Amino acid sequence: MNHDKILILDFGSQVTQLIARRVREAHVYCEVHPCDVSSEWVRAYAADGRLKGIILSGSHASVYEVDDRAPDAVFELGVPVLGICYGMQTMAQQLGGKVQGSNVREFGYAEVRARGHTALLKDIADFHTPEGHGMLKVWMSHGDKVVELPPGFKLMASTDACPIAGMADETRRFYGVQFHPEVTHTVQGRAILERFVLDICGATPDWIMRDHIEEAVQAIRAQVGDEEVLLGLSGGVDSSVAAALIHRAIGEQLTCVFVDHGLLRLNEADMVMDMFAGKLHAKVIRVDASDLFLRELAGVTDPEAKRKIIGRLFVDVFKAEAEKLKAARPGSKGIQWLAQGTIYPDVIESGGAKSKKAVTIKSHHNVGGLPEQLGLKLLEPLRDLFKDEVRELGVALGLPHDMVYRHPFPGPGLGVRILGEVKKEYADLLRRADAIFIEELRSTIEPHSGKPWYDLVSQAFAVFLPVKSVGVMGDGRTYDYVVALRAVQTSDFMTADWAELPYSLLKRVSSRIINEVRGINRVTYDVSSKPPATIEWE
């Protein structure tokens with residue numbers, strides 16, 4: 001690709017990918033790589049002349065307790081560098097400053113005074129003090145602090161608890177901020193990152209999805225040649241957009257395998273077949289593997305174990321279908337590629353777990369390549385894109401807006417929305433309850449915005465709880481299952497607030513579920529935010 005680029009070195013922060021999202025939102029291409037790449041790697045990465053700047057991420061570690069440091073080449077290439085939190089601290093320490101633990105730790109909201117007029121913060125402020133000082137409302141998360149500036153640096157920002165909350169060497173275009181501009185809680189965070197990427201680095205904002213289609217199509221054609229591709233179509237946004245993109249590139253060379261694992265949403269299998277086989281005229285093989293998946297999941301209660309079983313079975317099914325296709329055409333090469341809807345957050349999270357720089361929250365069944373015994377090469381045309389970019393690409397490819405902007409659905413499906421053991425009975429109850437919840441969200445209009453509640457929440461679903469509670473219907477006693485409703489609002493899915501849905505809406509959903517889904521007699525609403533909870537229950 002012929003785009004200017006920003007390199008983000010990841011020191012293990014859980015919000016590193018938000019830095020990349022903010023850069024991409026400025027229409028500048030960027031990549032996240034582990035902080036322990038070598039100086040030789042960094043110089044090679046910059047050799048094509050497209051590297052315009054480097055950002056050093058935060059970390060859960062302390063610079064004086066670990067060996068994680070930026071490669072020396074970062075400060076020798078002559079490109080601008082921005083250090084965030086730990087990134088600022090390692091910049092300070094490596095360039096001759098001093099970092100030490102603080103008696104007063106800052107976690108959460110803080111107000112930072114912008115000192116001096118640096119290129120990074122000039123004219124950026126949330127409010128001014130009576131004395132005329134520009135102030136920023138930011139999000140802090142640190143226990144250490146820079147206590148001595150490196151030679152050549154000047155003070156750029158401060159708080160009462162952190163006298164050096166920002167530093168700058170404008171001759172070399174090196175900047176450091178102790179706060180996190182990538183999170184939405186930092187009000188001017190996007191403006192600060194855009195200032196760095198567009199103005200200080202001078203990167204060209206030409207990373208645009210509608211223009212990316214032809215670029216991606218050419219890349220797929222060059223990679224695949226005249227060979228055939230097997231794609232695992234799940235019905236989710238990622239695999240659907242991957243299928244549409246690959247079909248645009250190679251047409252009949254693509255065969256989609258749609259695996260019904262018995263853990264899909266209500267009527268989802270028919271909807272997927274209608275769209276891809278009916279409207280896009282793609283070759284789609286529908287495999288009903290629900291008995292296989294449910295049999296293998298029987299008795300399994302651990303969430304990670306369930307995810308791994310589902311991931312393994314997907315590979316097994318793909319392998320079987322590939323062998324069938326090869327046997328059906330003995331004179332041809334057969335299927336040579338397996339395509340997956342892997343997206344960039346999957347790659348970042350799984351890569352971080354491998355490098356031990358970040359804590360693993362959950363595994364992703366579609367990351368990490370394929371077992372050698374599968375005998376297929378891996379095609380992942382979306383692996384450089386974030387979810388919002390995938391959605392933009394899907395609309396540009398002509399997929400229906402309602403399909404592309406559906407709420408996220410986990411790869412393991414209802415398998416991780418049924419707590420504990422997965423049973424067909426539980427899945428049948430859950431999918432009906434979930435469908436009622438989504439139907440009511442779509443049909444209920446929020447009066448101030450004029451939009452349906454479905455569009456105002458980022459993700460909504462029902463969770464099956466493997467417990468029974470006493471109820472009463474008519475004159476009879478019931479002893480049935482419980483479902484929890486979950487709806488959150490978020491801009492980045494790294495943090496999320498529970499959605500304050502109207503009581504009237506929740507009452508209607510609860511009444512319908514209890515009356516229409518025999519076997520459920522109690523409905524609860526989850527009012528946990530992320531953190532400390534995750535969005536999914538498993």
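Reply: Contact means heavy atoms within 4.5 Å. Helices (H or I, at least four residues) and strands (E, at least two) are DSSP runs, numbered from the N terminus. Axes are lines fitted to C-alpha atoms, for helices over the stretch in contact, and angles run from 0 to 180 degrees between N-to-C directions. This is a predicted model: local features need pLDDT of at least 70, side-chain atom pairs count only at pLDDT 80 or more, and totals for chains, interfaces and linings use all residues. Residues are numbered from 1 along each chain as its sequence is written, and side-chain values use heavy atoms, with hydrogens and water left out.

Me: Which strands does helix α6 lie across?
Reply: Helix α6 (residues 237–250) lies across β11, β12, β14 (335–339) and β15, and runs at about 160° to β11. Helix α9 (residues 303–328) also packs on the sheet, where it touches β11, β12, β13 and β14. The direction of α9 makes about 135° with that of β12.

Me: What is the strand order in the open sheet?
Reply: The order is β13-β12-β11-β14-β15, five strands with parallel pairing; two strands pair if DSSP finds at least two bridges between them. β13 (283–288) and β15 (377–379) are at the edges with a single partner strand each, so one side of each has no neighbour in the sheet. Neighbouring strands are turned by 30° against each other on average, direction ignored.

Me: How many bridges join β11 to β12?
Reply: Five, between residues 228–233 and residues 254–260. Leucine 230 stands opposite threonine 255 in β12.

Me: Switching to rings. How many aromatic pairs are there?
Reply: The structure holds 10. Rings of Phe, Tyr and Trp (its six-membered ring) pair if their centres lie within 6.5 Å; planes under 30 degrees apart count as stacked, over 60 as edge-to-face and the rest as tilted. One of the pairs is phenylalanine 464 with tyrosine 481, with centres 5.0 Å apart and planes at 50°, so it is tilted.

Me: Are those two buried or exposed?
Reply: Both phenylalanine 464 and tyrosine 481 are buried, where buried means under 20% relative accessible area, exposed over 50% and partly exposed in between (1.4 Å probe, protein chains only). Tyr426, Phe464 and Tyr481 form one aromatic cluster.

Me: And what sort of pair do tryptophan 498 and tyrosine 525 form?
Reply: Edge-to-face, at 6.2 Å centre to centre and 75° between the planes. Tryptophan 498 is in strand β20 and tyrosine 525 in strand β21 (residues 520–525), 27 residues apart. Tryptophan 498 is partly exposed, at 29% relative accessible area.
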